[in-house]
Amino acid sequence: MTWLLGLLAACDPPVPPIVDHDRDGVDAAHDCDDDDATTYPGAPEVGDRRDHDCDGLAPPPPRDLADPTAERGAAFGRAVAQALGTTWVGAPRAGGALDVAASRGGVWADDGRAAPRGVAGETGALLGAAIAVTASGVVLVGAPGLAADAPGEVRDSTGTVRMRALGAGRVLAARGERWATRAAVDAASAPTLDPDGARPGVAVVSEHGTQAWTLPRPPDALAILGDGTIVAGFRSGPIAIRIGTTDVLRGEDGDEAGAALAACDADADGDEDVVVGAPGSRGGTWGLPGAGAVWVLDPHAPPRSLAEHPPAARGEGRFGAALTCGDPGVVYAGAPMAGSLLAGIVRTLEDPSPVEVGIPGAHLGGALATGDDLLIIGAPGGPGVAGSVRLRLR
């Protein structure tokens, strides 16, 4: 028997030696650059346009983007997004600033290598009120307009109108190749929806066509779950959010729950959550209205009312006015009226310490997005204060 075991052992193929040229503890077969000890799966990014953590993304150095028009009150940074290494910024009050009726709006693209390039809308278009990006990198920009009886538009970055309907472009969300916009809807399935007799709702567009989803009132925020379920948020009225066909009532009058939404694995348990911002909620140190709170809900078993479910975090200064997700277990929330003289802050749900703090009047955290290992923070400012955007490693 001994000789047989020895013969079998001799027939086993030899185990290849582990190759780790840069001695970073990761073998060459799993290291995207085995000649650099600062590059391996999970390594910290440093913003030198190299992919240190082997996720296929090479983030640029942290930097700030100023309003290219230097127009105070243009709300540069009201909407932000990132796609394929380019940061997109909306400034819906550009061209009008204090006179909203004259605001053409605009959207700028910045890749960190050349001067930002921008496109302006027509008078009253409010181009750049919302921005969303599909999985293939198509950039969608909202131009909701001002007139109550005039249709808004959703355009792509080439200027092509993707949808025209009442209210369209005021709110946008994208997930995969599917995107949704606030719109007046009816039974139509064409990209241009007939506004005659239409009711408030959402138009959902995918490679399979356009669907109309009628709602009790126009939504103030949208999110799309991984299975395609649409989540709509309503900052006023008895319903705070609708997840598919399930309604969740607001917890307190005036909490503005549903003003911001996100969909991601917020608690790192492997399941997707719906994150709900309530910037008008009472709470924080003094329990004053407008302190803000954020809820994390299970979309498959949501509570009947937010009053039945404790918030994941409370804050100050309209905390939860904007939301975005980072890695599993990390959610960033903006509090654009927190800090000294409405400077604004951004923090995570888990840690009350600010990730970023604005300057007086900046309203930092008025818009948030993540992409390319970056956190993109909008600071749209206010009357007499120019907007800006911060790009930070996350």
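How many bridges join strand β15 to β16, and in which sense do the two strands run? Three bridges join strand β15 (residues 230-233) to β16, and the strands run antiparallel; two strands are taken to pair if DSSP finds at least two bridges between them.

The structure is a predicted model, in which local features need pLDDT of at least 70 and side-chain atom pairs count only at pLDDT 80 or more, while totals for chains, interfaces and linings use all residues. Residues are numbered from 1 along each chain as its sequence is written, and side-chain values use heavy atoms, with hydrogens and water left out.

## Overall description

The protein contains one helix and 28 strands. Of the 394 residues, 49% count as buried; buried means under 20% relative accessible area, exposed over 50%, and partly exposed in between, with a 1.4 Å probe and protein chains only. The accessible surface comes to about 17,600 Å², and 55% of this surface belongs to carbon and sulfur atoms. These areas come from the Shrake-Rupley method with a 1.4 Å probe, and for residues only the protein chains shown count as cover. Among contacts (heavy atoms within 4.5 Å) between residues at least 6 apart in sequence, 38% join residues at least 24 apart.

Strand β16 (residues 239-243) is mostly covered, since five of its five residues are buried. The hairpin of β16 and β17 has two residues between the strands, and G244 in its turn has a positive phi of about 65°.

R318 has a positive phi of about 65° and lies in the loop between β21 (313-314) and β22 (322-325). H363 has a positive phi of about 55°; its place is the loop between β25 (356-357) and β26 (367-371). At 18% relative accessibility, H363 counts as buried.

## The aromatic pair

A pair of aromatic rings is described by the distance of the centres and the angle of the planes. The structure holds one aromatic pair. The ring centres of F76 and W108 are 5.9 Å apart and the planes stand at 70°, so the pair is edge-to-face. The rule considers rings of Phe, Tyr and Trp (its six-membered ring) with centres within 6.5 Å; planes under 30 degrees apart count as stacked, over 60 as edge-to-face and the rest as tilted. The pair links distant parts of the chain, with F76 in the loop between β1 (63-66) and β2 (79-83) and W108 in strand β4 (residues 106-110), 32 residues apart. F76 is buried at a relative accessible area of 2%, and W108 is buried at 11%.

## Salt bridges

A salt bridge is a side-chain nitrogen of Lys or Arg within 4 Å of a carboxyl oxygen of Asp or Glu. By this rule the count comes to 17 salt bridges. Three of them are listed below.

| D110 | R63 | 2.7 Å |

The bridge between D110 and R63 links distant parts of the chain, D110 in strand β4 and R63 in strand β1, 47 residues apart. D110 is buried, at 6% relative accessibility.

E122 is partly exposed at 47% relative accessibility, whereas R155 is buried at 11%.

D156 is likewise found in strand β8 (residues 152-156) and is buried, with a relative accessible area of 10%. Leaving aside neighbours within four places in sequence, D156 is in contact with V138, V139, L140 and R162.

Key
Helix = DSSP H or I, 4+ residues; strand = E, 2+ residues; numbered from the N terminus.
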